[in-house]
Amino acid sequence: MIDFTRLFVTFGVVVLCAICCEGFNAELSLGTRETANVPARCRFRFSGLFPPNDVWKFLTGFWCFAFTNPVRFTTRNFTQVNAVLDGYTIPLIRHNDNIIVFDFNDTTSRNLIRPLFRREVFFNLWRGCSELAVECCNHYLNETNVLEDDEHICPALWDGWDCWPPARANQTLRRTCPPHAFSTEDIVCQLESERYCLEDGWNHQTNYSGCAAAPILRRRHQYHVLVLTISAALTFPAVLIFFIFMRGQTDMRHILYRNLLIAIVLKNIFTAVAKEVIVLDALRSTNDTNRVMENNGVGCRVLSFFDSLFTVSVFTGMLLVGFYLHSTIARVFGKRLSVTVMYAVGAACTLIPTLIWAIAVAAYGMEYCWANDQVGFHWITDVYKFCTLIINLVLLLDIVRVICCQRSSSNLNSRQTRAAAKAILVLIPLFGLPILLTSQRDLFDQDSCLAGDIYYFTAYTIEALQGIIVALLFCYLNKEVHREIRNKYRKLIIWLNDRFGTNFTIPSKARVTTMTNVRSSGLDIPQHRQQNGYGKKGLPEDRGLPEKRKEAF
């Protein structure tokens, strides 16, 4: 008996598809007349063979959509419906009273499908999957390899994401993961999927676990957080030393050193926290994540802003130190800037590029807590960093020129300033190398996961060493700091002995001796002293008083 109700529903769905999707009705009739004799030579999973026409395109387009990670959709408020084309059942979806056919070549279909994805890149990944399915059917699958034979028990097929060649029994095939199979937006490196051919045919599912880039990214970011935490822990005591033991120092040089160390510590802390709270949280499993990046809240965007702010402040601190050393050595008689002016200049140089970057990403509507920049707004702050490094390099090269021209000077402060200038000259490549590495990712083979690990681990290690080396050069190995610590310790021992009557040994007070050499311009000093009434020991000789003076006495 004919089920008229089911037949009526099927006919209504087909008519509705023809109304909503432009050109679909024409394709139905044309396909029926012109492609009825097209052999079914394209194998889809375990669903059998299909003809290489719109039937295959609509079918594989739907399953590329169905296999998409659900977090990439803006909504799940759609239901599956079916239609019949050339005698084949075609899955469609109903959304907001629209019947959507998965035709990536049709403008109307694309306009209905695109709003279902959170981002344009996710829509393009679906479209790429659909195009790859059609290419697989048209250029690889044929009437021969889609059928099993004595040698290949597993025939060639399209598994919903990739095209697989025929395989022998108990054979494992490996294929490079297609872009839409990655768990992240970016292709981290060349990963592989696996499909097993059993003795009785293909395994039911392809193993795409090898396409998960999250473990690789998680390992890299966890290392970054670890080394930054270690760097902050080793650098923070230097900040305390400057506040406790160098508090009475009003020298601009020490103030700039202290501020540079503070900026490095804050940068390391905020970068580590941002990585842990935003990035690593997004790389965790669905059950463990807090979806901070996906929610794109105000708090995480503020965290990203301060992360960028303190990163820029480190380069501003380097620029101020280089400018001060240049004004001290190369422009000895130049006008000195006050501490207030230096603070104002540093704040302006730090805030302006960071605020421009924040306004740009906010106006663009960037999501993911501003932590995943796919547009290139990071160059706003990177250009400023490059400029500070170039300016510092020019200033310090001029300092080196002046030092080479005035090597005869032996003033203590000049020696200390020259040592600081040499230290800053060492720090320029130390701070510049990570930027060059992170901005030039084409320097390594992006297809190799090992090369990528070496690249990122090297960049993260150099970044962490920045704070440690700055603390070593300007604090832990600095003789002025050592002298101030000894003086503070000596005062503490004296206070304890006076206050509590203890008998601690008081360390000797450090002395600094300065010697000034004066040239004689060819004058024989001993002979000159003897001629002017000085003895051999340098004291005036008693030659007696003149006669008139004697009479007066």
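Q: Which residue in β4 stands opposite V84?
A: This is a predicted model numbered from 1 along each chain as its sequence is written, and its side-chain values use heavy atoms, with hydrogens and water left out. Local features need pLDDT of at least 70 and side-chain atom pairs count only at pLDDT 80 or more, whereas totals for chains, interfaces and linings use all residues. Strand β3 (residues 79–85) and strand β4 (residues 88–95) run antiparallel and are joined by seven bridges (strands pair if DSSP finds at least two bridges between them). Within β4, the residue standing opposite V84 is T89.

Q: Which residue takes a positive phi in the hairpin of β3 and β4?
A: The hairpin of β3 and β4 has two residues between the strands. A positive phi near 55° is taken there by D86.

Q: What share of the contacts with a separation of 6 or more comes from residues 24 or more positions apart?
A: Contact means heavy atoms within 4.5 Å. In the protein chain, among contacts with a separation of 6 or more, residues 24 or more positions apart account for 65%.

Q: Which residue in β10 stands opposite C197?
A: An open sheet of three strands has antiparallel pairing in the order β8-β9-β10. Its edge strands, each pairing on one side only, are β8 (171–176) and β10 (201–202). Strand β9 (residues 192–198) pairs with β10 over two bridges. In β10, the residue opposite C197 is W202.

Q: At roughly what angle do the axes of helix α10 and helix α11 cross?
A: Axes are lines fitted to C-alpha atoms, for helices over the stretch in contact, with angles from 0 to 180 degrees between N-to-C directions. Helices α10 and α11 are roughly antiparallel to each other, a term for angles over 145 degrees. The axes of α10 (residues 339–364) and α11 (residues 379–405) come within 8 Å and cross at roughly 160°.

Q: Which residues of α11 make the contact with α10?
A: On the α10 side, the contact is made by C349, T350, P353, T354, I356, W357 and A360. The α11 side supplies I380, T381 and Y384.

Q: How far is the backbone oxygen of V101 from a polar atom of the side chain of S109?
A: S109 has its place in helix α4 (residues 107–113) and is buried, with a relative accessible area of 1%. Leaving aside neighbours within four places in sequence, S109 is in contact with V101 and D103. The separation between the backbone oxygen of V101 and the side-chain polar atom of S109 is 3.0 Å.

Q: How far apart in space are A263 and V312, C-alpha to C-alpha?
A: A263 lies in helix α7 (residues 252–282) and is buried, with a relative accessible area of 9%. Leaving aside neighbours within four places in sequence, A263 is in contact with F310, S313 and V314. Although A263 and V312 are 49 residues apart in sequence, their C-alpha distance is 9.0 Å.

Q: With which residues is L319 in contact, leaving aside its neighbours within four places in sequence?
A: L319 lies in helix α9 (residues 298–329) and is buried at a relative accessible area of 14%. Its C-alpha atom is separated by 9.7 Å from that of K385, 66 residues apart along the chain. With those neighbours left aside, L319 is in contact with T388, I391 and N392.

Technical notes:
Helices (H or I, at least four residues) and strands (E, at least two) are DSSP runs, numbered from the N terminus. Angles under 35 degrees count as roughly parallel, over 145 as roughly antiparallel, 65 to 115 as roughly perpendicular and the rest as oblique. Buried means under 20% relative accessible area, exposed over 50%, partly exposed in between (1.4 Å probe, protein chains only). A polar contact is a pair of N or O atoms within 3.5 Å; within protein, one must be able to donate a hydrogen and the other to accept it, and residues adjacent in sequence count only if both atoms are side-chain atoms.
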